[in-house]
Every structure is written in structure tokens, then in C-alpha cells.
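Please open the model in your viewer with the sequence panel beside it, and follow the stops below in order.

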Amino acid sequence: MGGDGRLRRRFLIMVAGQAALTAALLVLLVVWWVADLGTASDTGQLVGVAVAVAALSVPLFIWWQRGRHPAVASPEMMEMAARALTRLVSVQWDTEAELRSLDDPGPMPVRWRLHPGPELVDVAEQASAAGWEGASDQIEELGVQFQALERRRLVVLGGPGTGKTTLAVQLVRELTRTRRDGDPVPVLMSAATWDITIHPSVWEWTAAQLSLSYRALRASEYGANAITDLTTGPDPLVLPVIDGMDEIPPSARAGVLHALNRTLGRGGLILTCRTGDYADTVAAADTTLTGAAVIEPVFISPSTAAVYLQRCLRRVPTPAWQHVLDHLTAQQDTPVSPLAQVCSAPLGLWLIRTVYRPPVTDGPAADPTPLTDPAAYPTAAKLRAHLFDQLIPALIDQRRPSADRNHLFRPRRRHDPAKAQRWLAFLARTMTHVPDDVVPIRDFAWWHLARTTRAFSTPTRLVLGYAGALTGGLAGGLAGGLAGGLAGGLGDWSEFEDGVVFGVAFGWAVGIMAGAWQRAEPGFANLRLRGRRFQLAGHLTAGLVIGLPLGFTGELTAALAVGAAVGIALGLTQWIEASAATEQAMTPMTSWRADRALILIRIAVGGLVIGLAAGIVSGPRIGLMAGLAAGVLIGLVLGRHHSWLAYLVATYRLALMAQLPRHLMTFLDLAHRLGLLRVVGPVYQFRHADLQDHLADKST
């Protein structure tokens with residue numbers, strides 16, 4: 001059904017609902033007149049029953065209409081959703097590539113070749129990929145070669161810091177740039193988020209990741225089930241790009257490999273993994289990835305590294321730099337010295353150019369001469385550790401802060417390098433040394449901070465309970481006392497005691513329920529009205545179905561006010577949580593802001609509508625106080641999303657212990673802008689796993 005048909009159907013649904021409600025009220029008036037009901041309670045009960053029956057007819061009519069017209073997406077709608085996803089992915093990874101300086105001054109010249117051993121490959125597919133060879137700085141050719149693979153499946157192997165993830169990002173950018181209608185959209189996902197006990201199929205897991213990272217696909221413009229439509233069928237319109245299979249616990253990797261072979265169907269795939277971990281997985285599973293070509297990098301020769309470093313200087317080398325370049329060039333094609341060994345991998349080459357790049361300040365540039373001194377750095381491991389130690393101060397020094405929002409890749413403020421290093425080291429240790437986890441956690445989800453740091457321990461919850469009881473008791477007693485005084489005169493504070501009891505009970509309820517906040521997922525608030533008026537009317541109708549019958553317990557005016565207030569609050573809350581079609585993928589900062597906005601809006605909506613109802617019944621002053629109390633109650637206790645509240649408790653606690661900054665998300669955004677962290681959907685990762693491990697070891 002086209003867009004006009006859907007709008008007409010929704011309009012008819014709302015007209016039918018209003019007609020049913022109007023008819024019920026007319027019947028009510030006739031019955032009231034005939035029966036001569038004299039009491040307010042009888043009237044309220046009769047109104048409640050009539051309105052409930054009328055309101056319930058609306059969802060029944062909606063259910064009947066949906067049964068007649070099942071929501072099946074047309075090919076045109078599916079392609080429209082695929083194009084929207086392509087735009088989201090393209091903008092996301094173009095931004096990330098600029099933050100990570102992948103094109104500055106150009107991609108690193110990492111060469112890739114087919115893996116020579118037969119034990120890790122599908123022999124038939126590897127034979128069909130014969131002749132595969134290319135370089136990361138010629139990504140267009142690699143994209144063409146991937147498209148030419150019979151089943152479009154590729155496994156990228158290599159050691160730590162060899163550019164596996166970078167190649168995956170480059171392929172995602174290239175495939176989105178050259179995508180044609182009907183081609184699958186590449187979506188990069190972290191393998192560590194896949195639990196096959198929850199999502200046995202790769203497509204179920206992919207749909208879950210799309211729902212989390214690209215919530216815009218939930219918008220009604222793309223159909224009722226756009227994400228499911230993109231990931232199901234014989235030819236899915238999504239190409240999973242699974243990064244870091246080595247980050248899955250070893251005991252689960254064989255199951256993941258079997259799940260891929262069992263559920264991929266005709267779908268394509270790009271998978272990255274460390275060579276040794278993939279070899280162990282293939283041996284344990286007794287199978288390879290069906291239909292996949294397997295490639296690995298060739299180490300960067302010293303002469304190639306020298307050429308690349310000279311390009312990074314962008315000027316005539318100083319004598320010190322010329323000495324370093326000559327040192328590398330003299331080693332021909334075999335890396336022998338510690339410096340040449342470090343430069344043989346993209347991670348080491350990036351560290352060299354970053355740490356020893358001239359600073360933007362007026363201070364002197366770091367002297368690279370010691371890099372060639374075997375007495376200073378006798379091994380490659382020693383030199384790499386030195387570079388990791390100098391990385392954070394170097395990046396903070398090189399990227400001058402800017403308050404101009406047009407400078408997307410400049411930090412907003414300058415942090416002390418020692419504090420920044422200490423905070424990132426704590427974060428790395430928290431992610432790396434997790435009890436009961438076999439492998440380090442590579443994804444940092446801000447809403448898991450309270451859980452991973454045990455912020456809601458028993459003492460903390462007791463403190464929250466006492467604080468909530470004290471605050472709630474004072475606020476409740478004051479509100480009750482004022483209410484009694486306004487109602488009965490300045491000397492009447494009869495409601496003070498009831499207010500104190502209610503406030504203390506509410507405070508302890510918050511303290512007890514706060515422990516569940518750390519398990520909540522972040523929510524999303526969508527206040528866009530355009531194109532969503534029918535949705536708003538539908539949610540308000542559904543809210544009134546619940547709210548109006550609950551309100552009719554006594555006097556008619558109070559019943560209408562309370563019932564309508566509850567219904568409007570419920571309907572608005574549900575409508576606000578619906579997703580919007582945007583041009584931005586979900587990031588850690590946007591998900592954090594969205595959950596914060598949702599909670600604050602929930603407080604405001606609850607306070608406004610309940611306060612208005614109380615004001616109609618008892619006067620504006622009492623309505624104001626009731627609204628404030630009800631708003632806080634709804635925001636803190638009701639609803640499914642409380643991640644921001646758990647984050648607040650965790651960051652306050654950790655800031656008091658000087659382990660993390662109070663404004664953690666602002667600091668993580670700075671680390672991302674500096675290139676120390678990368679963004680994969682709504683989570684942060686350290687740019688290199690080796691950097692995370694180094695910081696974690698240094699902080700223990």
C-alpha cells in the first residue's frame with residue numbers, strides 16, 4: 001500500500017474512534033436522563049464504563065484493519081530504506097576516517113595477498129580468487145576485486161596492529177561510495193557484541209545491531225519492519241562487516257563460525273581476525289568459512305616506511321629526520337633494527353608519525369634521533385612501549401582546542417596530559433580486567449559503566465536510600481503542609497505528616513529501585529511532529545484507553561481530570577520514544593544525550609499533566625506542588641529507560657575517588673577527537689587494542 005493509502009487508512013481509523021466515543025457519550029446522556037442518577041459516584045462509574053468501551057473500540061478497529069492489510073514492505077520501500085542506511089553508514093565512516101587521519105596524507109601503503117596455507121581457506125573459493133593482490137592506498141582496486149568474488153565473502157587476517165580494522169573501514173567506505181540499487185549495504189559491527197545463545201542467526205544479530213546503531217530505520221517512512229526486511233530473504237540488503245573475531249571468548253568462536261556457515265545463506269561477509277586465533281577457531285570447528293577468500297598483509301618494508309614518513313613531514317626533512325630516513329632506507333627490504341621492525345606494521349608507523357610530528361604550539365619538536373639508538377631502545381617492544389607512553393601528551397599538544405563548532409575534529413578544551421593518561425588507564429583497566437571474562441572487553445558502552453565498576457554496591461544503595469528518604473521526606477512534608485495550609489487556612493498543617501510519610505516511602509523506593517538502573521538500555525526521545533500527527537493521535541487514544549477508566553472512581557470533574565492526565569502522560573511518553581528518520585547514525589554522545597532528554601522530558605510531561613489535573617480539581621497552587629512531585633516520581637521510578645541516572649551515580653562516585661572525570665562523556669568525546677578512541681555505533685573502543693592493553697598494564 002502506498003503512502004497516500006496508509007494516510008487515508010489512519011485518518012479513517014481516527015475518525016472511527018472519535019465517532020465511537022461521541023456515540024457512547026450520547027448514549028450515556030440518554031441513560032443518565034432516563035435513570036435519573038443522583039450521585040456523583042454512580043455517574044462517575046457509568047461514565048468510566050462508557051468511555052472505556054468506546055475507547056477500547058479504537059484499538060480493536062486498528063487490529064481488524066491490520067489483519068485486513070498486513071504490513072508488507074514493497075521493493076521500492078526496501079530500496080528506500082537501503083539508500084537511507086547507505087547515507088548513514090557513509091557519513092558515519094567518512095567522519096571517523098577523518099578523525100583517525102586515515103587519508104592524511106594518504107592511506108598507508110599496506111599490501112595484501114591471499115593466505116598461502118590451505119588449512120584456513122575454502123580451497124574452491126581461494127582458487128577462484130587467484131591473482132588477488134592489492135594495497136590499502138589503492139582501495140578502489142581492492143573494492144573491485146571484492147565485488148568480483150563469487151560469493152563476496154572475505155576473511156582479513158593479520159597480527160596485532162597490522163591494519164585489519166582499517167582495511168575493513170576502507171572497504172565499507174568504498175562499497176558505500178560505489179553502491180548501486182539492489183547491492184547490499186556494508187555495515188561494520190564489533191564481533192564482541194554477538195552472543196549466539198541470544199541470536200543464533202547472523203541476520204538476527206545484524207538486525208539487533210542495526211536497531212541499536214541506526215535507529216532511524218525504525219521510522220514509519222521505511223515501513224513497519226524495515227530492519228527485518230533488509231536482513232531477511234534470499235538476498236539480504238545488508239553486508240555484515242564483522243570486526244575482531246579474536247575478541248570473542250575462545251570457547252565461543254567455533255560456535256560463531258558454525259553459525260555463520262549455517263545462517264549466511266547467499267549473503268556476503270567481511271570478517272577480520274588475528275591469524276593465530278582464526279587458525280585455532282578453524283581447528284576447533286573443523287571447518288573454514290564457506291565460500292570465503294582469505295587474505296593477509298605483507299609487512300611494510302623499511303624503504304616504503306621511509307617514503308611514507310617523508311610524505312607525512314610535508315617539508316624538507318631536518319637533519320635529525322634525514323638521519324632516521326637514511327637509517328630505514330639503508331636496510332633494503334628486511335626490517336632488522338628495532339625502528340624498522342616497529343615501522344613494518346601500520347600501528348608502529350602511525351605511532352612514529354604521531355608522536356614525532358611537529359607540535360602546533362611554539363615549543364620545540366621532539367627529536368627523533370634516539371629512535372635509531374640501540375642503547376636507548378634495544379628491542380622493538382621497548383620502542384613501542386615508549387611510543388605508547390608519549391602518544392597521549394603528543395596528541396593533546398598537537399590538536400589545539402577550538403570552541404568553533406565548525407571545527408568538528410578539534411577538541412573543545414585542553415586537558416592535563418597526566419590526568420588524561422590516568423583516566424584512560426583506569427578505563428582501559430576496567431575494560432581489560434573484568435572478572436569471569438576470558439578476553440578483554442573492547443567495547444565501552446557508557447550505560448554499562450555503573451555495572452562494570454559496581455557503582456550500585458550495597459553501601460551506595462543504602463546511601464541513595466537514606467538520601468532519597470531525607471530529601472523526599474522534606475519535600476513531601478513541605479508540599480503536604482502547604483497543601484493543608486492553603487486548603488484549611490494558614491494554621492492548618494494537617495497534611496504535613498502524610499507528606500513526610502509519602503516522601504520517605506518514595507525516597508526509599510528510589511533507593512531500592514536504583515539498582516535496576518544499571519541494567520537498563522538507553523532510550524530515545526523524538527519530538528518531531530511532522531509526519532507523525534497520526535501516530536501522536538494513536539498514542540493519545542491508547543493512553544486514554546488506560547487512563548480514563550482508572551480515573552472514574554468518584555466525582556465527575558476530578559475523574560475526567562485525573563483520567564485524562566494519566567492517559568495523556570502515557571500517550572505522550574510512548575509517542576516520544578518512537579524513532580525518527582535522521583541523517584545521523586547513533587553514536588555514544590547522541591545516545592547519551594537522547595537518554596538524558598527522554599528522562600527529563602518524562603519528568604516534564606508527568607509534572608505538567610498531573611499538575612494541570614490537580615490544579616483543575618484543587619487550585620493552581622496545589623496543582624503546582626503536585627505536578628513537581630509527580631514529575632520527579634514519573635521520571636525516577638516509572639519507565640524502562642534509566643541509563644542516564646545510573647551513569648550519573650557512577651560518574652559522581654568515580655569522580656570522588658579521582659578515577660574518572662565528573663564530565664566523563666565530554667572527556668571521551670575529546671579522546672575521540674584526538675584519535676585515541678574510535679566510535680563503532682553507540683560504543684567507544686580504543687583505537688588500537690594494543691594501546692588499551694598497554695594502558696591497562698601500566699595502571700595495575
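Select valine 355, which is buried, with a relative accessible area of 9%; buried means under 20% relative accessible area, exposed over 50% and partly exposed in between, with a 1.4 Å probe and protein chains only. Valine 355 sits in helix α14, residues 346-355, where helices (H or I, at least four residues) and strands (E, at least two) are DSSP runs numbered from the N terminus. Not counting residues up to four places away in sequence, valine 355 touches Ala366, Leu387, Gln390, Leu391, Ala394 and Gln398, a contact being heavy atoms within 4.5 Å.

Before moving on, note that this is a predicted model, in which local features need pLDDT of at least 70 and side-chain atom pairs count only at pLDDT 80 or more, while totals for chains, interfaces and linings use all residues. Residues are numbered from 1 along each chain as its sequence is written, and side-chain values use heavy atoms, with hydrogens and water left out.

Now zoom out to the whole protein chain, whose secondary structure comes to 26 helices and 9 strands. Of its 700 residues, 52% are buried, and among contacts between residues at least 6 apart in sequence, 77% join residues at least 24 apart.

Next, select Leu85, Ile242 and Tyr278, the residues with the most contacts inside the largest nonpolar core, which has 153 residues; such a core is a set of buried Ala, Val, Leu, Ile, Met, Phe, Trp, Tyr and Cys residues joined through side-chain atoms within 4.5 Å. Keep isoleucine 242 in view and show its surroundings: leaving out residues up to four places away in sequence, isoleucine 242 touches Met189, Ala191, Trp194, Val202, Trp205, Leu260, Leu269, Ile270, Leu271 and Thr272.

Glutamine 209 is the next selection, in helix α7, residues 202-213. Glutamine 209 is buried, with a relative accessible area of 14%, and, apart from neighbours within four places in sequence, it is in contact with Met189, Thr193 and Tyr214.

For a helix pair, select α9 (residues 250-263) and α10 (residues 275-285), whose axes come within 8 Å and cross at roughly 75°; axes are lines fitted to C-alpha atoms, for helices over the stretch in contact, and angles run from 0 to 180 degrees between N-to-C directions. The contact is made by Arg253, Ala254, Leu257 and His258 of α9 and by Asp277, Thr281, Val282, Ala284 and Ala285 of α10. These residues divide into 5 nonpolar, 2 polar and 2 charged, where Ala, Val, Leu, Ile, Met, Phe, Trp, Tyr, Cys and Pro count as nonpolar, Asp, Glu, Lys and Arg as charged, and the others, Gly among them, as polar.

Then select aspartate 286, in the loop between α10 and β7 (293-298). At 69% relative accessibility, aspartate 286 counts as exposed.

Finish at aspartate 181, in the loop between α6 (164-177) and β4 (185-190). Aspartate 181 is exposed, with a relative accessible area of 52%, and, leaving aside neighbours within four places in sequence, it is in contact with Glu79 and Arg83. Glutamate 79 is 102 residues from aspartate 181 in sequence, yet the two are 7.0 Å apart in space, C-alpha to C-alpha. With the side chains displayed, look for the polar contact of 2.8 Å that joins aspartate 181 and arginine 83; a polar contact is a pair of N or O atoms within 3.5 Å, and within protein one must be able to donate a hydrogen and the other to accept it, while residues adjacent in sequence count only if both atoms are side-chain atoms.
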